[in-house]
Amino acid sequence: MKDLLLSYYGDDFTGSTDVMEALTFSGLRTVLFLDPPTESQVVSFGKVRAIGVAGRTRSMTPEAAEDELRPVFEAFDRLDTPLVHYKTCSTFDSSSEIGSIGRAIDVGCDVFDPAYVPLVVGAPILRRYCAFGNLFASSGLDGDVFRLDRHPTMSRHPTTPMDEADIRLHLAKQTDKSIGLVDLAQLDDAPVRLDSLIDQGCQVILFDTVSEVDLAKVGKAIWENRARGRYVVGSSGAEYALVAYWRETGEVGENELPHVEPVDQIAVVSGSCSPVTAGQITWAEETGFELVALGTERLVGDQAAAEVSRAVETACSAIAQGKSVIAHSGRGPDDPRIGDTLEVLSKRGWSGDVARSKTAELIGSALGDLLRQIIERTGLTRAATTGGDTSYYVARQMGVTALEAIGPMAPGSPLCRVHATPGTKIDGCEVTFKGGQVGKVSFFGDVLSGG
């Protein structure tokens, strides 16, 4: 399609909205779908410059991820966009057993047959930095920066703990493809270095990215070599790099961020166990939000419907009193509900990574049902949800078919307009999907006030 510059698949839901934000607020209209769109579906939105599919491969086995990705990539190939991006989390958390980025690279190479795969992980706006192949990340937007294998959250991630900060070494455990690097000292001569690495047989080439200055250099290398490297892998740093270069060439201009009006109340369903989200929930409680603690062991058992109904009644009662509400399934990585939930799943024969994947599906679906009922009963027009793994199921259960970003909240977590069945209260409402590690402590207050 002639207007499209890019198509992408996000390995989790909040990562998918992150890319949409990077493109939309740069002036490139982007629509995020929950299923691979046909050409007629894209055309129905008018002039669109990029399209995405929100996925969940970050929590899938390599075999399941391949089954998920191949039809999406084939759909993108039919749309014939100049670049196709497999969007990973900016902390690159993955393993050979769960969320394998290496397997995604292999599948994409099979479908698109590129001469090489550009890999961009650093995203300075998100405080993610790649220096000489090593990844550094902050803990929250206002926290310290750590090398990833020393990061207080990612080094102890319950499913994919990051014990290696060198992206090349980490990725080599997931794919047999050879990996090269264009480092900080080589970015000024990136085209020459790129040619050299390809001649040496490097099939994946990582680009360092530490500052805004680096972005345009990386974007230029990717765009001008798109005929050889149409398939791109990595974080939204790839989009920020491309936009920086497109600004230099005039493909996009300077764009003012849209203004979001405040609302009187919001409803939040939180599926994140991140300490960053826990701090945000505490801040909200201290500033007048009503909290509804969810019995997660009930949500993953036979009493899910009853627990959702209880929470709906409690939340709607608080909303009727003029309060904003947060229904939460966890307050940090040490919340005792995590152990209680895993124990229930263990009795059903699920353990380890399977149990964690089931937790995301069961709790996420329950949260989506909860939020949908709250919106339908109260008529609230703005909401939020947290957790990259659970957000996918929240959106599905709400009946979302597509999203467009309408305003910034925190980097990577824009406020979105929901497209759903016309005439329903879900269609047209505003929802922000926040990753666990994202946002300042006042995030939920920002959603209420419009940022």
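This is a predicted model: local features need pLDDT of at least 70, side-chain atom pairs count only at pLDDT 80 or more; totals for chains, interfaces and linings use all residues.
Which residues of the largest nonpolar core touch the most other members?

**View 1. The largest nonpolar core, with its 84 residues.** The answer to the opening question is I205, F207, W246, L370 and L403. Helix 13 is the element that gives the most to this core, contributing nine residues.

**View 2. The surroundings of I205.** Setting aside neighbours within four places in sequence, I205 is in contact with Y116, V117, P118 and L119, and also with G180 and V182. L194, L197 and I198 complete the list of its contacts.

**View 3. Helix 11 against helix 13.** Here helix 11 (residues 304–320) packs on helix 13 (residues 352–378) at an angle of about 40°, and the two axes lie 10 Å apart. The pair is therefore oblique, and the crossing is right-handed. On the helix 11 side, look for V308, A311, V312, E313, A315, C316 and I319. Helix 13 answers with A366, D369, L370, Q373, I374, R377 and T378. Sorted by class, the residues of this contact are nine nonpolar, two polar and three charged. You have already met L370 in View 1, as one of the residues that touch the most other members of the largest core.

**View 4. Helix 1 beside helix 8.** Helix 1 (residues 13–24) and helix 8 (residues 237–249) pack at an angle of about 10°, with 9 Å between their axes. Because angles under 35 degrees count as roughly parallel, that description applies to helix 1 and helix 8. The residues that meet are D18, V19, E21, A22 and L23 from helix 1 and E239, Y240 and V243 from helix 8. This contact has five nonpolar and three charged residues, and no polar ones.

**View 5. S329, a loop residue between strand 14 and helix 12.** Strand 14 spans 325–328 and helix 12 spans 336–347. Is S329 buried or exposed? Its relative accessibility is 6%, so S329 counts as buried. Beyond neighbours within four places in sequence, S329 is in contact with S270, G271, L294, T296, R337 and I363.

**View 6. A227, in the loop between helix 7 and strand 11.** Helix 7 covers 212–224 and strand 11 covers 231–234. With 81% relative accessibility, A227 counts as exposed. The C-alpha atom of A227 is 8.6 Å from that of A115, although 112 residues along the chain set them apart.

Key. Residues are numbered from 1 along each chain as its sequence is written. Side-chain values use heavy atoms; hydrogens and water are left out. Axes are lines fitted to C-alpha atoms, for helices over the stretch in contact, and angles run from 0 to 180 degrees between N-to-C directions. Helices (H or I, at least four residues) and strands (E, at least two) are DSSP runs, numbered from the N terminus. Angles under 35 degrees count as roughly parallel, over 145 as roughly antiparallel, 65 to 115 as roughly perpendicular and the rest as oblique. A crossing is left-handed if the near helix is turned anticlockwise from the far one by less than a right angle, and right-handed if clockwise. Contact means heavy atoms within 4.5 Å. Ala, Val, Leu, Ile, Met, Phe, Trp, Tyr, Cys and Pro count as nonpolar, Asp, Glu, Lys and Arg as charged, and the others, Gly among them, as polar. Buried means under 20% relative accessible area, exposed over 50%, partly exposed in between (1.4 Å probe, protein chains only). A nonpolar core is a set of buried Ala, Val, Leu, Ile, Met, Phe, Trp, Tyr and Cys residues joined through side-chain atoms within 4.5 Å.
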